[in-house]
Every structure is written in C-alpha cells, then in structure tokens.
Amino acid sequence: MLAPLLAALLVSGGAQARPAPDADPQTRPPAASADAPVDLDDIVIEGRRLEDATEDFVRSVADPAPGRGLARWRGAVCPGVVNLRGETAQYIVDRVSTVAADLGLRTGAPGCKPNVVIIATTQADAFTANMVDRQPRLFVPGGTGMNQSREALDRFKTADRPVRWWTISMPVDGDTGVRAVRMPGDVAGSGTGGADGRGSAPEYAPNIALRSFSRMSTQTVDDIQGVYVIIDADRIGDVSLTQLADYVALVSMAQIDPEADTSRYATILNVFDDPTQTQTLTHWDQAYMEGLYDAHSTKLNLGARRGEIADSIVRVHHRITDDPAPQ
C-alpha cells in the first residue's frame with residue numbers, strides 16, 4: 001500500500017522482530033488520588049467491578065470502521081519509517097515488530113513492502129492533506145467497511161496532535177482470509193454476461209461458502225490491511241523515543257479512537273498530555289492488545305464483540321496479578 005511518492009522517501013523498513021534497545025522501566029502512576037489514572041493491576045475488584053472497568057476502556061478506545069467489527073492483523077506486519085535518521089528509524093521499526101511478534105503475529109523480513117508506514121514530518125497538516133489529495137485511494141480504497149468516514153478523513157488531514165493515524169481494514173472470510181466485499185473494477189470490463197457484455201455484480205463479487213447460519217455470529221471478520229502514521233516533529237515535545245515508539249506500536253496494532261478520553265486510565269495514549277505518567281506500554285495497553293487478538297470476534301453484534309475483548313482483558317488481568325480467573 002506504499003504509494004510511489006512515499007517509496008522514494010523510505011529510509012528504513014522491514015526489519016525482522018528482535019528486542020528493542022533498553023527502555024526505561026515502566027512507572028506506575030501514584031494511587032494517592034482517587035482521580036489519578038489507574039493501571040489494570042491496580043483495580044480493586046471489591047470497589048469497581050473489573051468487568052465494568054474493562055468494558056469502559058474498550059468502549060473508550062475502540063474505533064472500528066462504521067458498521068464493522070474491530071479489525072486485527074492476519075498477515076505479516078512490515079513497518080517502514082520515513083524521514084528519520086537511521087538509528088532512530090530502526091528503533092521504531094524494531095519496537096513495532098517486537099510488539100507484533102509478542103501478539104503472535106508474523107513480521108516482515110528485511111526488504112518487505114511496508115504496510116505500517118510511519119512518516120515523520122514538519123508542517124504535518126500540509127503534508128498530510130497533500131498526500132491524501134494526491135493518492136485518495138490509499139485512504140478510501142472503495143470497498144464497503146474498509147475505512148472511517150469522509151468526515152474522519154478530514155479530521156485526519158487537519159488533526160492538531162503530535163501523532164495521527166489512518167487504518168485500512170478489510171471484511172474477510174474468517175476461515176480463509178478471502179475478502180468478502182466487492183472492490184471497484186471487479187465487474188467493469190471483466191465479464192461476458194449481461195446485455196452490455198460486462199458481466200454482473202453477483203458474477204464477479206466475492207463468493208463466501210457459509211459453513212453454518214446463525215443470527216448471533218458471523219463468519220465474516222475484519223483484517224487490518226495497512227496503517228499510515230504521521231508524526232508531527234513540531235509537536236512531539238518532551239516525549240522520549242521509547243514512549244513515541246510504544247505509542248506508534250499501539251495505534252498500529254489496533255484501531256484506536258484518536259478522540260478517546262483515556263484520562264482515567266494509565267495508558268501510553270496519555271503520554272503527550274503527561275510524559276511523566278508512564279514510560280512504556282502499560283498493563284492496560286498490553287491487555288487490550290492481547291484481548292483483541294485472543295478474542296474470537298465472531299459475534300454479529302458490535303457490543304457483543306467488544307464484550308468478547310473485555311472478557312479477554314479480564315483473563316489477562318488475572319494472569320498479570322496471579323489471581324485465579326473466575327469460572
């Protein structure tokens with residue numbers, strides 16, 4: 001999904017997953033105030049039910065394409081970095097790859113075609129608007145359920161934040177990974193049927209063999225196809241490279257709402273508001289990603305799918321705290 005105008009700028013990409021350089025130890029936010037951000041292992045189950053807290057967190061940060069479920073990576077993850085010096089770029093590539101590998105994902109070998117495109121720039125608004133205007137199909141491919149709304153794309157172009165991102169996903173057959181939506185060009189000029197000799201939509205649309213029928217579950221799931229991450233060098237502030245790389249890793253692995261209010265939680269998503277709060281991915285961040293990739297995600301109702309992820313986060317909590325999981 002890397003456009004030709006970006007390919008010429010690519011300075012680092014496709015590193016195999018390996019441990020990132022030593023990072024600062026994670027700091028847990030103080031618990032003196034009831035309003036202080038709380039990490040997952042700090043939750044007192046007797047006070048606020050763990051299930052309620054996790055469901056609130058999922059509702060706050062999850063940002064699927066309209067009408068679709070939360071997407072995950074299925075194929076190999078290949079991060080590439082543009083416009084950063086070699087060691088800095090390689091650190092971010094390594095960190096994103098390591099986080100992906102920890103989730104059980106494959107990572108691309110050196111020289112792979114980047115599908116997580118991380119671009120550092122100044123004047124990010126003008127750069128992003130120019131990129132979207134010149135290559136609109138990169139951001140709105142034309143298939144149903146593959147991207148956020150046009151209004152969201154406008155916000156992406158003008159976002160007043162240090163890091164902005166845009167995720168492309170694809171509804172696919174959960175068993176085979178074959179796409180489940182028709183793309184522009186699937187019909188036109190391809191077929192021989194019909195009065196004009198151009199075929200018909202049913203003839204050239206993807207065909208999914210249903211293994212069963214249920215009103216509660218679906219065979220179609222959503223796979224992440226690519227992510228564009230724009231780093232505004234003018235707005236980074238005092239955030240360290242470790243914090244920046246972990247932030248980029250989280251928004252690359254999951255569909256995160258850029259407008260989410262996460263002030264109640266200790267998460268790397270708050271790092272630009274308070275760089276002293278945490279130095280790396282927190283237990284909330286790790287559990288959310290693990291919960292997303294562990295969940296079956298076959299519920300037809302979006303609320304039920306979020307509930308699956310919340311249940312997975314609860315299991316991660318019990319593993320972190322060594323508490324027995326509820327039966």
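Colleague: What pLDDT does the protein chain average?
Modeller: This is a predicted model, where local features need pLDDT of at least 70, side-chain atom pairs count only at pLDDT 80 or more, and totals for chains, interfaces and linings use all residues. Residues are numbered from 1 along each chain as its sequence is written, and side-chain values use heavy atoms, with hydrogens and water left out. pLDDT is the predictor's confidence in each residue, from 0 to 100. In the protein chain 70% of the residues score at least 70, and the average is 79.

Colleague: How many aromatic pairs does a search of the whole structure find?
Modeller: Rings of Phe, Tyr and Trp (its six-membered ring) pair if their centres lie within 6.5 Å; planes under 30 degrees apart are stacked, over 60 edge-to-face, the rest tilted. On that basis, the search of the whole structure gives nine.

Colleague: Phe 57 and Tyr 265 form which kind of aromatic pair?
Modeller: Both Phe 57 and Tyr 265 are buried (under 20% relative accessible area, with exposed over 50% and partly exposed in between; 1.4 Å probe, protein chains only). Their centres are 4.9 Å apart and the planes sit at 75 degrees, making the pair edge-to-face.

Colleague: Why is the pair of Phe 156 and Trp 166 classed as it is?
Modeller: Both Phe 156 and Trp 166 are buried. Their ring centres are 5.7 Å apart and the planes are at 45 degrees, so the pair is tilted.
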